[in-house]
Amino acid sequence: MPTYAYAQDEAADTAEEEVEIVVTAQGRSQVLSDVPVAISAVNAETLQNSGANDIRQLNQVAPSLLVSSTGSEANGSARIRGIGTVGDNPGLESSVPVFIDGVYRSRSGIGLNELGEIDRVEVQRGPQGTLGGRNSSAGLISIYSKKPEFSFGGSGELTYGNYDFMRAASSITGPISEQIAFRVDGVYVKRDGFYRDDTNGRDVNNRDRYFLRGQLLFEPNDDLSVRLIADYTSRKEACCAATYVDGTVNPYIGNLNNLATPLNNSAANNIINVLRDLGQPLSSFSQGYGRKISISPNRLFNGETKDYGFSGQIDYDFGGAKLTSITAYREYRSGQASDTDYGEVDILYRAPSDDAYRQFHTFTQELRLQGEAFGGTLDWLVGGFYANEKLTVRDNLRFGNQYGRFATCRIISGGGLAGLYSPTNPSCVAPVVGPATLAGATGTSGADIVAAFTALDSLNDLGTTNESYFQNGTNWALFTHNIVHITDTLDLTLGLRYTSDKKKFDATFGNDNTRCTTIQGLVFDDLTTTTAGTALQIGTARALASALIGLGCQGNSTAELNGVSINDRRSEDKFTGTAILSWKATDDLLLYGSFARGYKAGGFNLDRSALKPPIVVNAAGVPTSVTFAGAGGAQSLVGNLQFDPEVVDSYEIGAKYATGPFSVSLSAFRSDFSNFQLNTFNGAVYLVQTINGCSADLGGADRDLSNATGACAAGDVGYGVRAEGFELEASLVPARNFRMAAGLTYANTSYRTNLVGNKSGAPLDAALRKLPGDNLSNAPELVATSSITWTPEIGGSGLSGLLYIDGRLTGDYNTGSDLFPQKEQDGYAIFNARIGIRGPDEAWSLELWGQNIFNQDYAQVAFNTPFQAGGASAQFTDPQYPGGRQLFSHFLAEPRTYGITLRGKF
């Protein structure tokens, strides 16, 4: 239930005075109530009162929007109506792009930076296939900063809060000459972290950042305006920690966090024993929403981000047409160290390094020409867009110093060999008797199996040395957006966009995991042995060989790839557009119906784990190779990294009513997504599939344990995701200095009941077997928001008060893209509040504020804790535990914060 953006910062002097809300969603300045699209607009005053400093806090005032962040602040994800890009993979572009002052930002997570002085934010819902066609398949967020002014003015803010939160912000604007004005904004923020790392004596999830922006506005006459903007953001912060999910948070955890006695007890979890014996405190598995984290000694979450660029906007009125040109160049670089296993046992890590980062160099150019024809009957707009994006990802993910012992103990503790378990001894087996028993249990394969255990046990501090992915993307488009005034009250809007997208990809791998190649050479033949001995010995040899290769070569981490390069390219073109019929039934009432097609580009999964599985099998399920050479070489497999473009067809009807102090809008929508791009971490590797539906009944084959069953004929493949529902937004000024706003979104955003993994009808990956027929992750069906603002006059001295409160009520939803029940999040409500006193003309103010004032605990995202899965029961066999004995962790949302703010302006 958003509070709408007003043309002025001040509220109406009287309840009867009409306030026009002006937006530019259709490439023109239009009154919000006359725009036949679903849009929420939020002004600077509302953002300030809600405490919003980045796009994440827009959640409180835009019910159809959900912004969250996970393993890195660089990877924030925005969702509209339950649709957004999932996961931590820069190869997937944003379904909800962010534009700042008309400039496309490469990923929506970049909007988690400080924003400085903001004029307004527009949240456009549904596919924006014409004007905002750059990957806006679900919607877009447009942020507009305050322009320079030709009269001197300035503002400042000092804030102090709990967690030693300090924020200083200032802005100054004024004329340089009669034709040139300037504005300079600056923000500095510092805060302690919400998590405590006692092992290393540090806080994590802290804040330490600053933001600078300078602007020049040149207006030599009424026809020409030139606006130049340059900005720079620096962040040096430790982010993002996670804790284990336990049964007090989610009852579906059941016995997953229980010690196993004996080790192969299926009513508990042997991996808990392994972690405990290698140094993990048992208290970490039962702290609920506690924020004490377990980190390996000397492992860090330190990160550094630089984001800077410049843009120039030229607006020129030819008399019969208006030209707008927006040119921009931006650089963004973010490096993030991590204790990637999120526990005290040193399993997986990224060390701080100047050679480990993700980086975007982006140049964009947009041209629009807009005018009228046929005596004003046609309001036409034509334009073009060009973007060149150079993406670089360098990674240094390595196995930790305890990985080898962890891996051997995971194998030994999880099955019939649990009696040999000895975590303080080599290969995690009892001395002498352990290796002998292993050899005896696997017959003639015994020597190879024992040697492979020895190799795996020594797999410590090995893996990626430096791995580089490069993607050069070129995108250009031509578009037209036209409004035909059929009558004085009836309009037809037609928009069309042609987009061409090309990407060149190459990668070079550096890896020193020689243990992988050693293990592969020792036990590959044992995967298919028929001569190891008895049937029991043959089965044991095969199972152990598979486990050894899987854990020794996790994620295709192998020295076989050291120095290997691969490359590929892809190109695509799409037509998208919109058609809207709108009727101004009365001066105050607008009715409309629309169709829109949106598009999000295909690309490359920037993850080597997608090249091939650890063990390649034939159609009969028989292993055929384990090495890249055996599979034809890495270059021959590069096509496995590609994924197709996402396309959406959306239908909407709506009504908007606005009269003086009251406005209300209602929209109903249905959007069908084909090739829905889904990125899922399954505890070991990242999966990217483009989800589609099958019109034929698959008989449950998309929900079974096999990756080979559930194929669909290509002719029967259709959309895979449908979002449908309604949105209601209202605003009321019932009395002077008193405003209320409210909103309600119901969105049933769900998968079809029969799903496949791509447009050709390939089977859905078994790890996604919970998807068919269920809602998408982070897609609550019901969200309600509301806000109240009261600014009463205090006496006759010009003083005024401020009382503000907003709330967001969210229904239940699942935070994991695989929809495992252990990732369910119960519904919750978040409230923010602010109370203060303001001087005459608001020249100063003193405010007390709180965010999440009732200290509501909830998780932003829950995920499979990397590699931490036991083996006492087979994966997928128990409906409560589709991940088998997998452990789960979660990234918690921010706790209650509060403080005091002093503001001044002139």
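**Exercise 1.** What is the handedness of the disulfide of Cys-409 and Cys-428, given the torsion about the S-S bond?

*Solution.* The model is predicted: local features need pLDDT of at least 70, side-chain atom pairs count only at pLDDT 80 or more, and totals for chains, interfaces and linings use all residues. Residues are numbered from 1 along each chain as its sequence is written, and side-chain values use heavy atoms, with hydrogens and water left out.

Step 1. The S to S distance of Cys-409 and Cys-428 is 2.0 Å, and a disulfide is a pair of cysteine sulfur atoms within 2.5 Å.

Step 2. The torsion about the S-S bond is about 100°, so the Cys-409 to Cys-428 disulfide is right-handed.

Step 3. Cys-409 lies in helix α3 and Cys-428 in the loop between α3 and α4 (433-441), so the pair ties together parts 19 residues apart in sequence. Helices are DSSP runs (H or I, at least four residues) and strands likewise (E, at least two), numbered from the N terminus.

**Exercise 2.** Determine how helices α5 and α6 are oriented to each other.

*Solution.* Step 1. The axes of α5 (residues 446-457) and α6 (residues 514-523) come within 9 Å and cross at roughly 170°. Axes are lines fitted to C-alpha atoms, for helices over the stretch in contact, with angles from 0 to 180 degrees between N-to-C directions.

Step 1. The two helices, α5 and α6, are therefore roughly antiparallel (angles under 35 degrees count as roughly parallel, over 145 as roughly antiparallel, 65 to 115 as roughly perpendicular, the rest as oblique).
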